[in-house]
Amino acid sequence: MNVPAAVGFAQDRLHEYRISRPEYQARYGSWSRVQVPEEYRTNAIHAALLHTGKVLLIAGSGNDQEQFDAGTFDTVLWDPEANTFTTVPTPDDLFCAGHAQLPSGRLLVAGGTARYEILGDAVKHAGGAMLVKNEDPDRARTLPAGTRFRSPSGVEYESAVEITVPPAAKEVVPGGAEVTASEERVFVTAVAEGEAGVTEESAQYEIVGLQGRDAENLYGLAEQMTLDDQDFQGIDVAFEFDPVAERYVPVEPMAEARWYPTLTALPDGRVLTVSGLDDVGEVVPGINEIYDPATRTWSEAPERYFPTYPALFLMADGRIFYTGSNAGYGPADQGREPGVWDLSDNSFQPVPGMTDPDQLETSASLLLPPAQDQRFMVLGGGGVGESAKSTARTAIIDLTEEQPEYTDGPELPQGTRYLSSVILPDDTIFTTGGSEDYRARGDSNVLRAQFYDPAANEFREAADPTVGRTYHSEALLLPDGRVATFGGDPLFADEANTRPGEFEQRIEVYEPPYLHRADEAERPRLTGGPERIGRGETAAFATPRADRIATARLIRPSAVTHTTDVEQRSIELAVGRGEGEITVTVPDEPALVPPGWYMLFVTDTDGIPSEATWVHIP
């Protein structure tokens, strides 16, 4: 009876011995787990590398209703070099926000959670959107969370969030003045449970507790109240995270509340913000915004509809490429087609050729290195919503072609959703994790990793991870050339789908083969040189054995969530070699090299990269 256990134990020991051998690690790499003190273990929903070398892990409420109800929001800073952790006060629930690197090195974080979803039979209180009107031109009114609204039939509803309704607009006209009521939208739910709160008729609602002129000037309007599913709802807040002071700095809020938005850096340092679920749980209907870090204000952007967390990349000519990848909410037949979006005239040119176009949700996307080639890749993905579909398809497109279209790349080992894909300094792509089914149902975690080689257009095997990474997981490149992985939020903890899953709080780090092929003394090193390099400029760095330096790359630090990382890009630099030094020249195209901080890596003729030197592109 003990034979199976004994055989399994022996096989595990043999595997551990095999993967620990230097020759194995020099070919496949190795994994190690980070020791995280219990007080710093967090549900990492977002991960961003800062120019200080630290990694910002944002949980907010961490997909935990109890944490949300308690107002407990979490952010942790991890220093990979010293392996130390710091807790950062988190001012709002930034769970499922969007983020982008700013020219200053700060991280813009926008959106988050106002209310958790209630689905199916759990919906006990009828609810819906209400417009709160203010006809008083002399003052704004703030209505606290819990404000009650009474229908003409006497049914009461209450709001869950505070809102401020601006003064009405007043225009002087011949013979007097014309007043136009202002309005703000809020989601309300019936105070009482059951069908009594359901109504299909439009009505005006009085605000309970107001009297006199206030009661006349302020009121609610709603079309219907239902017991339908009530989705997550977004918030409009925005912050810049200061990596030096290590704190969130509030900035002007967005015009729209957003949950699951995408933020994409533009050539001039501004940030395009699109999509998300709004303050009543509906996909923002194509209303987009642009953040200006110089004024810390928002302005309107061209209107275009996308499902939530769309993968929008800045192209070298300043246009925006939508790979088709996204992370969820929205109808299956709207906003899913890949294409090129020109903000200057709001035109959108679809691109054909995608295999399994119905399985782009939860797929990974990236700009293949070097960025100058303008080749994009989509890897894996699944069906819309809770579909069990997943695909092994990869697809590649060259946007420099006159009529670009996707062509199939090599297939993944199996259908994979939530795959993490990271650009390495040697121009290969490291892919890891994911699951075959929606949120790893049926114990479908993919405990595999592989490299994609763009030059050979093929995958090759890498060492297998030991921690499952699925929904709500991230991976990013560290300045020392390793890859760190975080998170994972399986729906269930067993193959039979009977036990609830637990959020994965362990951190696992992958050390690529190039770090096992040379000891620290043999790695290329850069010293001296400027911290600031302008576009089109050349800078010199001291390095031993300059004749062995083969390539130089500027790699933009990641800001990733829900398999969406539109920040990472690897830019080829022209290299000059001298006695004990090299020179590197930065391309002069603003859309190819958006302003901000970058990691400068050089790689030698054996494919061994240096540690990163941080440089600032103003």
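Tutor: A residue is called buried when its relative accessible area is under 20%, exposed when it is over 50%, and partly exposed in between, with a 1.4 Å probe and protein chains only. The model discussed here is predicted, so local features require pLDDT of at least 70 and side-chain atom pairs count only at pLDDT 80 or more, whereas totals for chains, interfaces and linings use all residues. Residues are numbered from 1 along each chain as its sequence is written, and side-chain values use heavy atoms, with hydrogens and water left out.

Student: Which residues of strand β28 point one way, and which the other way?

Tutor: Strands are DSSP runs of E of at least two residues, and helices are runs of H or I of at least four, numbered from the N terminus. In β28 (residues 339-342), G339 and W341 point one way, while V340 and D342 point the other way, and all are buried.

Student: How many bridges join β28 to strand β29?

Tutor: Two strands pair if DSSP finds at least two bridges between them. Strand β29 (residues 347-350) runs antiparallel to β28 and is joined to β28 by 4 bridges; within this pairing, G339 stands opposite P350. The hairpin of β28 and β29 has 4 residues between the strands, and N346 takes a positive phi near 60° there. Strand β27 (residues 320-322) also runs antiparallel to β28, with 3 bridges, and I320 of that pairing stands opposite W341.

Student: What is the strand order in the open sheet of 4 strands?

Tutor: The order is β6-β7-β20-β21, and the pairing is antiparallel. Because β6 (98-101) and β21 (247-251) stand at the edges with a single partner strand each, one side of each is left without a neighbour in the sheet. The twist averages 25° from one strand to the next, where axes are lines fitted to C-alpha atoms (for helices over the stretch in contact) and angles run from 0 to 180 degrees between N-to-C directions. Strand β20 (residues 238-242) is joined to β21 by 5 bridges, and R247 in β21 is the bridge partner of D242.

Student: How many aromatic pairs does the ring rule give?

Tutor: Rings of Phe, Tyr and Trp (its six-membered ring) pair if their centres lie within 6.5 Å; planes under 30 degrees apart count as stacked, over 60 as edge-to-face and the rest as tilted. The count comes to 30 aromatic pairs. One of them is F232 with W259: the ring centres are 4.3 Å apart and the planes lie at 10°, so the pair is stacked. This pair links distant parts of the chain, 27 residues apart, with F232 in the loop between β18 (218-222) and β19 (233-234) and W259 in the loop between β21 and β22 (262-265). F232 is buried at a relative accessible area of 5%, as is W259 at 0%.

Student: Why is the pair of Y291 and W298 called tilted?

Tutor: The planes of Y291 and W298 lie at 50°, with the centres 5.0 Å apart, so the pair is tilted. Both residues are buried.

Student: Which aromatic residues form one cluster?

Tutor: The cluster consists of F68, F95, Y116, F232, W259, Y260, Y309 and Y329. A charge may also sit over a ring, which requires NZ of Lys or CZ of Arg within 6 Å of the ring centre and within 35 degrees of the ring normal. Here R460 lies over the face of F451, at 4.7 Å from the ring centre.

Student: Where does T561 lie, and is T561 buried or exposed?

Tutor: T561 lies in the loop between β43 (559-560) and β44 (570-572), and counts as buried because the relative accessibility is 2%. Contact means heavy atoms within 4.5 Å. Leaving aside neighbours within four places in sequence, T561 is in contact with I45, H46, A97, H99, Y309 and E474. A polar contact is a pair of N or O atoms within 3.5 Å; within protein, one must be able to donate a hydrogen and the other to accept it, and residues adjacent in sequence count only if both atoms are side-chain atoms. The side chains of T561 and H562 form such a contact at 2.7 Å.

Student: What value does phi of Y309 take?

Tutor: Most residues other than glycine have a negative phi, and most peptide bonds are trans. Y309 is not a glycine, yet has a positive phi of about 45°; this residue is in the loop between β25 (297-301) and β26 (312-314). T563 likewise has a positive phi, near 60°, and is buried at 13% relative accessible area. The peptide bond from P369 to P370 is cis, with omega near -10°, and P370 lies in the loop between β30 (364-367) and β31 (375-379).
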